[in-house]
Each structure stands twice: as C-alpha cells, then as structure tokens.
Amino acid sequence: MSVLAVGLSHRTAEVSLLERVSVTGQAQEALLHDLIAAEPVGEAVLLSTCNRVEVYADVDRFHGGVTELGNLLSRHTGVPVSELTPCLYVHYEDRAVQHLFSVACGLDSMVVGEGQILGQIKAALALAQTHGTAGRVLNELTQQALRVGKRAHTETGIDQAGRSLMTVGLAQAELSMGPIEGCRALVVGAGSMSALAAKTLHREGVGHIVVANRTYERAEHLAESVAGRAVPMSALPDALGSVDLVVSCTGAAGLVIGRDEIEAVLAARRERGVEQPLVLIDLALPRDIDSGVRDLDGVVLIDLELLAEVSAGTAGEADVDLVRKIVCEEVAAFATAQQAQQVAPTVVALRSMGSDVVRAELDRLSGRVPEMDDRVRAEVEQTVRRVVDKLLHAPTVRVKQLAGEPGGSSYADALRMLFDLDPGTPEVVRRADAPDAVEGVA
C-alpha cells in the first residue's frame with residue numbers, strides 16, 4: 001500500500017470553485033465512508049478547510065486510486081469531473097508525505113505560516129479515527145505531520161512571518177474604518193474559526209462583541225469567553241443594525257447574510273447619521289455573505305478572494321527556507337522509519353524460524369540421547385542458540401541498515417527467498433504487532 005494525496009486549494013482553483021467543492025458536516029462523513037469502501041483504498045483522511053479540500057488515502061495502486069478519488073470528490077460535491085480535474089493536484093508516496101508536512105507547517109496556506117492549519121489537521125484525523133477510516137499508515141503519517149508543524153513553529157520565526165486570515169482581515173478592516181479598538185462587532189457562527197475571530201477581536205480591544213449562532217448554547221459559551229453577548233440566529237437582522245464590524249464563518253451550505261438585509265441595515269444607519277462604513281469580513285467557504293453587497297455604498301466586503309491577494313508574500317524568505325529544510329529532513333526520516341517497519345516483520349520471521357529450528361533439533365537430540373542430563377542439555381541448547389544467533393546477526397542488522405536506502409524493501413524480499421520464509425509470515429507478524437486502537441492526537 002502507498003500514500004496518495006488528491007486535492008485542490010487556493011493555489012490551483014478560484015475561490016468560487018472552492019466554494020462548490022467545500023465539504024462540511026455530515027457530507028464529510030459520507031465521503032469518508034465512500035472512500036474507504038472504494039476498492040483501491042485501504043485508509044482515508046479528508047482535510048477540508050476554507051482554502052483547500054484534500055483526500056489522503058492509502059491505496060494499492062496509483063492510477064486506480066487517482067481515478068476513484070477524483071470521481072468520489074466529483075460525486076459528493078456535484079462538480080463535474082471535467083471541471084474538477086484541471087484544478088486537482090496529485091502527490092504520491094514521498095511527494096504526498098512532503099505535501100502534508102508542508103501543509104502542516106503553513107507553507108501552503110493562503111497566509112503563509114498561519115498556525116490554524118494544525119488544528120484543522122488534528123480535527124481531520126480525529127474524524128477519520130472516529131469513523132474508522134484511518135489505520136496505522138495514515139494515523140502515523142498525520143500525527144507525524146502535526147509534530148513537524150509544531151517543530152516548524154517552535155524552531156523558526158514562521159509564526160511572526162505568517163499571520164492568521166483573521167489578523168489580515170482586521171488589518172484590511174482598519175484601512176476603511178480606522179482603529180477597531182472600542183468599536184462594536186458581530187461574530188456569526190460559533191465554530192473554531194468564529195472562536196478565533198471573537199478572541200482576536202477581544203484581544204484587539206473591541207468594545208462589545210455579539211455572537212449569533214444557530215445553536216444558542218454554543219453562541220452563549222463563546223460570548224462568555226470574550227465578555228460579549230449571545231443572540232439567536234433569528235435576531236441576526238437586529239444585531240447587524242447595532243454594529244460596525246461583522247465577521248462571519250458558519251459553515252452553512254447557503255448564504256447567511258443577503259443583500260436585502262444589508263440594504264435595510266444601511267438605510268437605518270443613514271437615518272441615524274452614521275457615516276462610517278459597515279465592514280463585513282467573510283471567512284466562510286462556501287461564502288456566508290452575498291458578494292453582491294460589494295456594490296452597495298457604505299459597505300466594505302473583505303472575503304477570501306481579497307485576503308488571498310493581500311496575503312501574498314507576507315512570510316519572510318529566511319524563515320520559509322528554514323521550514324522547507326525541516327520538511328525535507330522530516331520526510332527523509334519518515335521514509336526511513338516506514339521502510340524499517342516494512343523490514344521488521346521479515347526480521348522477526350527469520351528469528352522465529354531460527355528458534356523453531358533450534359527447538360526441533362533439540363527435541364530430536366533428546367529422542368536420540370534420552371540419557372542426557374538436564375545440565376548437559378542446557379549447555380547444548382545454549383551453544384546451539386548462540387550459533388544460530390551469530391549466523392543470523394549479520395543479515396538482520398544489515399537488512400535494517402539497507403532498509404533506508406532506495407529499494408530497501410528488495411533486501412527483505414531477498415532475505416525471505418534465501419531463507420525460504422513463508423511469504424505470509426511477515427504479514428501475520430505485522431498484524432499481531434498492530435495496536436488494538438489508533439493512538440490519539442496529542
């Protein structure tokens with residue numbers, strides 16, 4: 001089996017297409033179940049964020065895997081394969097590992113170096129674990145990606161170089177409305193992105209924060225954490241009329257804030273003599289706010305398309321280069337570790353065969369020399385075992401060393417052939433060594 005990554009991101013597709021391909025909520029679960037049911041796929045993890053949709057799969061063949069993953073993405077998003085295919089990128093084996101590690105470090109983000117992607121990868125793995133679609137291969141790969149991402153943020157200045165989308169959005173907002181300190185803001189949604197938005201607003205000194213969400217209890221919980229006020233989604237029109245800044249990220253399938261609602265808010269603001277523009281930050285994919293509001297006087301719309309433009313080149317090249325070196329080191333280390341794991345069952349099987357030979361020969365000796373006392377028998381057994389261990393030591397150590405080199409698995413194949421090992425034995429050892437449950441994410 002080999003790791004295959006198929007997906008599209010802000011680098012290969014327009015935001016309008018990413019909106020249509022976005023997979024959220026129960027749709028993610030349905031796609032995961034169909035992925036794992038596909039004939040070439042053994043494991044699957046789905047990473048769906050505001051600027052990428054990627055499937056990582058452990059497959060038994062490349063071309064069949066690419067075709068199946070592309071077709072399933074098309075089927076579950078409703079985007080025709082002919083429209084989807086030109087925007088898809090495909091990475092296989094070491095390239096797939098390198099891509100995931102780069103994503104985890106923030107190198108492939110819209111805002112290079114942003115740290116939110118680590119939480120999104122963690123959530124993607126947790127969902128796959130919950131639904132039983134991540135086994136040993138993808139569990140180890142994804143957890144290692146999380147560790148690589150944390151290492152990049154710890155050992156380099158990529159954190160300072162790359163800001164979050166929310167931070168960039170607020171910087172754009174201040175260009176239109178001046179300092180946001182003391183203003184009134186509305187956060188629509190109560191998920192992870194909305195929580196980040198609310199906490200950022202609170203940290204920047206926003207005077208009053210209102211949180212609106214379909215589940216009022218979640219809105220209330222988030223509002224309490226930032227000394228704000230919660231309102232049900234039915235009160236959204238009134239809430240829009242009482243603020244100067246709106247941040248929306250709900251994950252809803254359709255529009256949450258329409259043009260008509262904004263026109264009504266603008267009319268009320270004009271009646272009150274409010275001259276400051278109403279600033280709307282839409283971080284959702286698909287979008288929450290009707291893009292048509294951009295044409296209205298008195299409105300500034302900051303969406304993912306604008307953020308993609310202003311975020312280009314925000315990261316320092318020196319830090320980016322350091323992170324790239326870390327990624328290369330970690331990809332090589334991961335490949336070596338995986339190759340060693342592939343060899344390990346063969347080594348165990350070889351030593352098991354040696355033990356079986358020793359046991360059989362000692363039993364035969366006992367039958368032929370029944371008068372041999374226990375002391376002599378113990379000495380003979382120890383001598384025979386030492387001889388077998390010495391004979392097997394060199395090939396087992398060498399095959400582990402060679403496992404990290406190109407074509408390392410061929411040495412294990414040669415070992416099985418030379419010692420006439422049962423081809424099924426290494427797989428039996430591998431299954432016996434597998435954990436009963438997939439390790440959780442730290």
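Is glutamate 39 buried or exposed?

A: Glutamate 39 is exposed, with a relative accessible area of 56%; buried means under 20% relative accessible area, exposed over 50%, and partly exposed in between (1.4 Å probe, protein chains only). The model is predicted: local features need pLDDT of at least 70, side-chain atom pairs count only at pLDDT 80 or more, and totals for chains, interfaces and linings use all residues. Residues are numbered from 1 along each chain as its sequence is written, and side-chain values use heavy atoms, with hydrogens and water left out.

Glutamate 39 forms a salt bridge (a side-chain nitrogen of Lys or Arg within 4 Å of a carboxyl oxygen of Asp or Glu) with arginine 61, their closest N and O atoms being 2.6 Å apart. This pair links distant parts of the chain, 22 residues apart: glutamate 39 is in the loop between helix 2 (26–37) and strand 2 (41–49), arginine 61 in the loop between strand 3 (52–59) and helix 3 (62–77). Helices (H or I, at least four residues) and strands (E, at least two) are DSSP runs, numbered from the N terminus. Arginine 61 is partly exposed, at 38% relative accessible area.

By this rule the count comes to 19 salt bridges. Another joins arginine 11 to aspartate 108, with 2.6 Å between the closest N and O atoms. Arginine 11 lies in the loop between strand 1 (2–9) and helix 1 (15–21) and aspartate 108 in the loop between helix 5 (94–104) and helix 6 (116–130), so the pair ties together parts 97 residues apart in sequence. Aspartate 108 is buried, at 12% relative accessibility. Arg11, Arg52, Glu54 and Asp108 are linked in a network of salt bridges.
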